[in-house]
Each structure stands twice: as structure tokens, then as C-alpha cells.
Amino acid sequence: CFVPISEIIAVEETEFNKKQHNIGRWQKMAKLHAFTVYYVKKARNHRWRCSDVTFWCVEEHLCNQWIQALKELLEMQKSRPKQLLVYINPYGGKRQGKRIYEQKVAPLFNLASISTDVVITEHANHAKDNLFEVNIYKYDGVVCVGGDGMFSEVMHGLIGRIQKDSGIDQNNPKASLVQCNIRIGIIPAGSTDCICYSTVGISDPVTSALHIIVGDCQPLDVSSVHHNNTFLKYSVSLLGYGFYGDILKDSEKKRWMGPMRYDYSGFKTFLSHHYYEGTIAYQPAKHTHGSPRDKESCRTGCHICKKSEKQLAEQNKEHGLKHEGGEEEWKVIKGKFLAINAVSMSCACPRSPKGLSPAAHLADGSADLILVRKCSRFDFLRYLVRHTNQDDQFDFPFVDVYRVKCFQFTSKLSEDNESNVMDIGKKRFGQFCRDHPACCCNIVNSTWNCDGETLDSSAIEVR
């Protein structure tokens, strides 16, 4: 049996009872000496499992030598965590977070000799607030048991804490943030586990726990969202206005339905077919290698991410942060949009195995900006269906995609409000949708869907 050291979870001396002692050829030996190696067994579809193999020795001394040698090799694996801070959301998804952790994850952490401090969250932002109080530097990582919302909460707490300790003002959109070197592990237990699926390839608690144990690490791009020099949120997966924002806003009222609420709200939002007017200005990501339509997926050790990161570092060194801040040319697009999506990763999930942008990269310092212009319901349905098959979802005349390093969005209402008092009346009393007079839409602005959390702002700056 061949097992690489990097995939060994633990090594233990094997204990025998009398029943085992009487098996076949081992009956002749006076005393049995053996050790068991627990290791990662890789199955199909990115699924990992914990397997074990027992090695037998004639002498006790030889058995102890093997155990000692293997334990020393495991100690040399410096990327592996020894102490973790765990946050469990007991209310997320199907309310199974606590059970999933206790039955599937905790035994594996114990086997790998990882000590944990567990906090069960009691209200929204409990984990975020707690991360500003605890001594985070004594931990090798923070593990969140929940969905995308739980990951987002832990990420905001960690990044915010690091900036606070470093004296950085998060409200300044041009501030250079200090990198957070404390890793976040995700144990999927939510309604949507898009971030876990896009990074690990599967939403499975055991697989995620094993990745954490062996010390796997994947850098992620983080976008900051500001409004008028005020920090609003960070995003690592989807920032969606229009269709995905409306789905989220409607589904928040139906949490009692569980994960089914997304199907119901999605169908309802599709039928309502709202479009929104606005202006988008963006700076192209000239440092990146590849494009949103090159069909090159991001994988472990991605060469595109490495090249892009290197080129971005060289650009910043040459020109400084002033160059990054706004001297480059901005491109402006005005129009009526059914959906505006900015994705920092593919946003793949079991229903959409390719995601919203199949060639988006996890750590290339850019986001893919997808603009779906006003079109018929039938055309929009054709576009949505392509998220579930292998066809090019950007191959429509009403869909544009750009790889950007920053962008700004202002809704038409926000632009008009600055000069036209009449629009305040429109906002207050609703507005007839000229294209669908029968529906009497009173939605003037959509909501931003920021990693599964609502964000009410009609003018934002993202970088």
C-alpha cells in the first residue's frame, strides 16, 4: 500500500482483542505488533474520505520505530493546523450545523490531534463581533460551520480585525489593506454553499474537514464595496444587482421555506422581468492573463493566477497606488439591465456546475463583470438555461462580459435625484413600468446580492 506523507492524517498503535488475536496466520505469534495509518482516500467528483491500513511487525521495537518515524514526518508538515477556532451556525440551512460538526468533523479533528475552541453563534454577526475580542493570533485558522453567509461573517470579522490592529481606515476606498494570513476553513452546512463548492469542488463536510487537516490552502480575491467614502461590505463570490438581488430580497421574507425559497423566489422574479437603468464605469484588468471566455478553469496551483499576481505586483511597484487609484482610463456603459453581476470566482454550485463565469479565477486580482441587457423573457430564459449545460453562456447579443479590477455603478434614480426633485415623488409613489403597464411595478431600484447578503445602495464603488 502506497500512501504519500502529505495525505496521511494520523498514525496510531493498533490495539487487539482476543477475537482478533485468533485470526489465521497471526495465531502462531506470541504477541501482535502493528500500527494503523489513517489517510485520505480520493473518490470521484472531488470527494475525499478517511481510510486506514494496518501494517504488521514481528518485533515491538520495529513497530515503535515506524510509528516514531511517521509521527516525526507529520510534524514536519508545517502548513497543517494545530489549533483552530470553530464557529457553528446552528440556524443555517436545514439547522444541521451542530450535528454535522459533532458527528462528522470533530472525530476527524481529534484523530489528527487538532485542538479546537468551539463557539456556537446565537445571533447575526456573533462570530464577526467575537473575532474583534478574541486573541486570533494564537490560532492557525478559523473554521466556519454554515453556509456562504457564515463564511462572509467570519471573513468580515478577520479582515476588519487585521485592519483595526494595523491602523488602516476601511472607509477609504483607496487604502491599501493589510493581507490577512489567518486561514478560513469552510464546513458546508448552509442553504447555499457556493464558496465551498467553487473552491473545493464539492459541498461535503468530510471532504472539507480533510482539506483543513492536511493544510490545503487556496488564496482568494476579496472585493471591497464602498458608497460615498463609506465602507459597506467585502465580497468574495457574487455581487449581483437586478435578477439575483431581487431573488435574494424576496427569499429573505420566506426563510421558513428553507432552501426551497430560492426556487420559489427565482420563478417569481423571472416572471416579474424587471429591468433597471443605470451607468457602469469600469477599469479593465490589464494585468491578467486569459479572458472570461477562454474556457480555462481555475485549478490548484493555477498558472494564470500566479502570472496575473506577479504582473499586478510589478505594476504596483512601477506606478505606486496612485496609478491604481484612478489615473487609468475608465470605460463607461449606460443602459437598461436585467442583471449586473460581478463575480470573483466561478460561483459554481450543484445546479450550475460551471457557475456564472466558468473561467473566473480565484486569485488573479480581478472580477468578471457580466451585464445582461434588457431582452425578452424567452431570451433571458435561454441565457439562464445555459448555466446548467456546456454551451457558452456569453454567446448572446444582449450579454457582455469584461474582466475588471474596479467598477462603479449608479442607478438612474440616483443620477436624477441629484438634479431633479420630481424623482423623489416617483420614488415615493411608485412608477409605472412603461413596457408592462398591466404589472404596475413600483420597484425603481434593485438590491445588491453580496455573497448571499442584501445590500441596499443604488450607487457603489467596487475594487
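Contact here means that heavy atoms come within 4.5 Å of each other. With that in hand, a look at this predicted model can start with its sheet and the helices lying across it.

Three strands make up an open sheet, lined up in the order S1-S2-S3 with antiparallel pairing. Strand S1 (8-13) and strand S3 (48-57) sit at the edges with a single partner strand each, so one side of each has no neighbour in the sheet. On average, and ignoring direction, neighbouring strands of this sheet are turned by 20° against each other. S1 and strand S2 (residues 33-42) run antiparallel and are joined by five bridges. Over in S2, Phe35 is the residue that stands opposite Glu13.

Now for the helices. Helix H2 (residues 60-75) lies across S1, S2 and S3, and runs at about 155° to S1. Helix H3 (residues 97-111) also lies across S1, S2 and S3, but runs at about 65° to S1.

Then there are the aromatic rings. To describe a pair of them, one gives the distance of the centres and the angle of the planes. The structure holds 15 aromatic pairs. One of them is Phe243 with Phe380, an edge-to-face pair with 5.0 Å from centre to centre and 85° between the planes. This pair ties together distant parts of the chain: Phe243 belongs to helix H8 (residues 243-252) and Phe380 to helix H11 (residues 377-385), 137 residues apart. Both Phe243 and Phe380 are buried. Ring pairs also link these two into a cluster with Tyr244, Phe270, Tyr383, Phe396 and Phe398. As for charges and rings, Lys374 lies over the face of Tyr275, 4.8 Å from the ring centre.

Key
Residues are numbered from 1 along each chain as its sequence is written. This is a predicted model: local features need pLDDT of at least 70, side-chain atom pairs count only at pLDDT 80 or more; totals for chains, interfaces and linings use all residues. Side-chain values use heavy atoms; hydrogens and water are left out. Rings of Phe, Tyr and Trp (its six-membered ring) pair if their centres lie within 6.5 Å; planes under 30 degrees apart count as stacked, over 60 as edge-to-face and the rest as tilted. Helices (H or I, at least four residues) and strands (E, at least two) are DSSP runs, numbered from the N terminus. Buried means under 20% relative accessible area, exposed over 50%, partly exposed in between (1.4 Å probe, protein chains only). A charge sits over a ring if NZ of Lys or CZ of Arg is within 6 Å of the ring centre and within 35 degrees of the ring normal. Two strands pair if DSSP finds at least two bridges between them. Axes are lines fitted to C-alpha atoms, for helices over the stretch in contact, and angles run from 0 to 180 degrees between N-to-C directions.
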